[in-house]
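I set out below what I looked up in this structure, entry by entry.

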Amino acid sequence: MVNTKDQKRIKIHIHGAVQGVGFRPFIYRLAEQYNLNGWVRNNSHGVHIEVEGPSIKLKNFLCAIQNEAPPQARIQSLKHLYLDSQEYSEFKILESDKGQHTSAWIMPDVATCPDCLKEIFDPQNRRYLYAFTNCTNCGPRFTIIESMPYDRPNTSMKDFYMCPECQAEYGNQRDRRFHAQPNACPACGPQLEFCDKDGKPLSSRQDAMEQTAQAIVDGKIVAVKGLGGFHLMADATNSAAVQRLRDRKRRGEKPFALMFPNLASIESVCEVSDLEKRWLTSPEAPILLLWKKPDTNSHISPEVAPNNPCLGAMLPYTPLHHVLMQQLDRSVVATSGNLTEEPICIDNQEALDRLRYIADFFLMHDRPIVRPVDDSIGRIVAGRELILRRSRGYAPLPIMLNEEIKPALAFGGHLKNTITIAGQNQAIISQHIGDLETEPALHHFRRIQEDLQKLTDKQPAIILHDLHPDYVSTNEAQNIGLDHRPVQHHLAHILSCMLENELEPPILGVSWDGTGYGTDGTIWGGEFITVDSGKWKRFASLRSFPLVGGDTAIREPRRSALGLLKSIFGENLDESVCTTVFQAFNELEWSNLNKLLSNQQATTSTTSAGRLFDAIASITGLCQINQYEGQAAMLLEYAAWQSNKQDQSYPFEVKDHDGMAQIDWKPMIREILNDGKSRVPTETIADRFHWTCAEIILKIAQKSNQEQIVLSGGCFQNKLLTERSIQKLIDEGFKVYWHQRVPPNDGGISLGQIGALKFDLIK
Ligand code: ZN
Ligand code: ZN
Ligand code: FE
């Protein structure tokens, strides 16, 4: 018999990822299991629980919350307080209460769970082949949430009225769909429609799915409305179809991502490690960069990823994709539904307007997408997951800070832009916004900024932005009417990596990328920066060289090579120095550009590591003009993998220059030119170049006397460079940190800008 004197009540507040993950039903079942009375309720901070019963049961209940929480839940904090009994007579789930300020975590979208998958392929199930099946463990979240707390009336499912069967599931605490906010079935939920380019419906429901599959098999391009936007889909085994997509999308050689019907089909064409298998099939289900298998008679068109030894592969992640891919039973190109450089389409009419010149048909549905969320991209580096584009499945989960900071907004960089909003002990990075090159991209940026502020309900007191005076994001920050402060680009890279790894200064940061505005007004990009509490210093950098013609120089690796050679050979630079570079220009270009360099006209000076990679790619004949951002560096990395020999660095010198260390690459370039003349294979040169970069990083680390070394910046998307640098540093006793959940590229800049506030580096 229960001793009534022992009846106690506990009040529990849980913060973290606890809404939209089946947390309340879990608590309900747990209370029932332990025979406890009380209630559970969502509020805008998280989940609030009161239960009462004998002390021992309450203790077990508390432990079970921690130990048995639903798979997608993440408990950030659990605070509890023992109080006197209220004599509750039952356990109830109460209506959400809407507080003044929101701090509940907004959940990312979750890929279809195994239970739902079983149902959609079970002909006896009422959800057989239903494209919008979901449960508390899976389905849309971030892409359907209009406001917090996460309840159906606050989502884009609000206009769908649940049928009696769905309502029964929703109300049954023993059901997997108990309080599953987007719960739906073929009788009451969203439906598919297959349309022509004018938006004229041709078929609906399952017929629409079948017609879509047939159109793709017939070589047509179909715009498919998915979770966070439209994909353009084409048969990846049909070269003509893929080529047509390239032409219409105005996309040169940039690789397309592929969706495969299942894991086995990926494994038939790519090398897939256990780690990669886990990641592909995870609830985040990103696109992974995988090595193509050598010597397979791959049916995938070479047009998918020309001259590229990798493929970007993903698995279906919504029931719509699962059903479609099962019917297709072949891999398809699944690329963002946009024109190159423009944001992804989410609205049906907008898609018809903007994609009608690309797509032959449209597969659409009537569940509105509240905000665009692209597919995330990842790569395994140094045995760990490395995010290259952080979007679906990850955004907007917060990065936890180990102390409270004042509310702040950070506007990021120019390319691969993201925005971060921070406050209390969290920093929330937006989904991938993209390059701010076009007018639609700027609107997209503004919408996401407003959206993020509204959803998180934070009132920033300060705006952080890049030091570059001409960035669109800098301009936006200056025009918003709040206190705004610049953060140097390469410092921001390093700080983003420090926050992610929960590091405290002092550290030496290696910040290598393509372009960033330096405090001296030149273009930086091969930087070594020390961070101490309250101060930072440019400790070392690569030797600078001149570049002719701003953005054109970024697109043309041959211009990096020319500037680099000019800085070594001056007026003696002629055809005999390097015929490959000479022949990359026509006579007029060669003489004009040389003249400009000699007179220092239209030239900028850069220490960029990215441009150094470009120069080597040009000198070795791998790439003279980029078809897409980063192509030359990528080709250089891939060439090096073909050789991948033991350490055999080229020589370089470290000198003192203006109170900092300067790495002089001239001895390396001279030897590379000699190797070229003696017909050493390009792969060997690329390999030795990568070893040299790692050796440079080690030498500067040793010179700095720091123990903690941080690697960040776009160059560390390069697996070979990153792994070799880590290995060398670890072998010499350094503690090395790199990115995992935050991109090393400019997608991490906005988080890093917040870091400047946290580490007190704002002037
Ligand atoms: Zn599910
Ligand atoms: Zn229903
Ligand atoms: Fe950068």
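The entries that follow record each item in turn.

**Conventions.** I worked on a predicted model, in which local features need pLDDT of at least 70 and side-chain atom pairs count only at pLDDT 80 or more, while totals for chains, interfaces and linings use all residues. Residues are numbered from 1 along each chain as its sequence is written, chains are lettered from A and ligands numbered from 1 in the order in which they are written, and side-chain values use heavy atoms, with hydrogens and water left out.

**Entry 1: zinc ion (ligand 1).** I looked up the donors, meaning N, O and S atoms within 2.8 Å of the metal (3.2 Å for Na, K and Ca); water is not among the atoms, so sites may look incomplete. The zinc ion (ligand 1) is coordinated by the SG atoms of C113, C116, C135 and C138, at 2.3 to 2.4 Å. The 4 donor atoms subtend angles of 102 to 121°, which makes the arrangement tetrahedral. I noted the rule: four donors count as tetrahedral if all angles lie between 85 and 135 degrees; four count as square planar and six as octahedral if opposite donors are over 155 degrees apart and all others between 65 and 115; anything else is irregular. Ideal angles at a metal are 109.5 degrees for four tetrahedral donors. The donor residues are spaced C-x2-C-x18-C-x2-C in sequence. C116 lies in helix α3 (residues 114–120) and C138 in the loop between α3 and α4 (164–171), so this pair ties together parts that are 22 residues apart in sequence. I then checked accessibility, where buried means under 20% relative accessible area, exposed over 50% and partly exposed in between (1.4 Å probe, protein chains only). C116 counts as buried at 0%, and C138 is buried at 1%.

**Entry 2: zinc ion (ligand 2).** The protein donors here are the SG atoms of C163, C166, C185 and C188, lying 2.2 to 2.4 Å from the ion. Angles of 104 to 117° among the 4 donor atoms make this site tetrahedral. I read the spacing of the donor residues as C-x2-C-x18-C-x2-C. C163 lies in the loop between α3 and α4 and C188 in the loop between α4 and β6 (192–196), so the pair ties together parts that are 25 residues apart in sequence. Both C163 and C188 are buried.

**Entry 3: iron ion (ligand 3).** I found the iron ion (ligand 3) coordinated by H489 (NE2), H493 (NE2), D513 (OD) and D746 (OD), at 2.1 to 2.2 Å. The 4 donor atoms subtend angles of 87 to 171°, which makes the arrangement irregular. Along the chain the donors follow the spacing H-x3-H-x19-D-x232-D. H489 in helix α13 (residues 489–500) and D513 in strand β21 (residues 507–517) are 24 residues apart, a pair that links distant parts of the chain. H489 and D513 are buried.

**Entry 4: domains.** The chain is divided into domain 1 (4–93), domain 2 (192–365), domain 3 (385–498 + 746–758) and domain 4 (540–686). These bounds come from an automatic or database domain assignment. I recorded 63 Å between the C-alpha centres of domain 1 and domain 4.

**Entry 5: helix pair.** The axes of α15 (residues 557–569) and α18 (residues 609–619) come within 7 Å and cross at roughly 95°. Axes are lines fitted to C-alpha atoms, for helices over the stretch in contact, and angles run from 0 to 180 degrees between N-to-C directions. The two helices are therefore roughly perpendicular to each other. I noted that angles under 35 degrees count as roughly parallel, over 145 as roughly antiparallel, 65 to 115 as roughly perpendicular and the rest as oblique. P557, R558, S560, A561, L564 and L565 in α15 meet R611, L612, D614, A615, S618 and I619 in α18, contact meaning heavy atoms within 4.5 Å.

**Entry 6: T519.** I located T519 in the loop between β21 and β22 (523–532). T519 counts as exposed, at 54% relative accessibility. Leaving aside neighbours within four places in sequence, T519 is in contact with L467, Q488, W524 and W536.

**Entry 7: backbone.** A cis peptide bond joins M148 and P149, with omega about 0°; P149 lies in the loop between α3 and α4. Another cis peptide bond joins A395 and P396, and P396 is in the loop between β16 (384–389) and β17 (398–410). K416, a residue other than glycine, has a positive phi near 45°.

Key. Helices (H or I, at least four residues) and strands (E, at least two) are DSSP runs, numbered from the N terminus.
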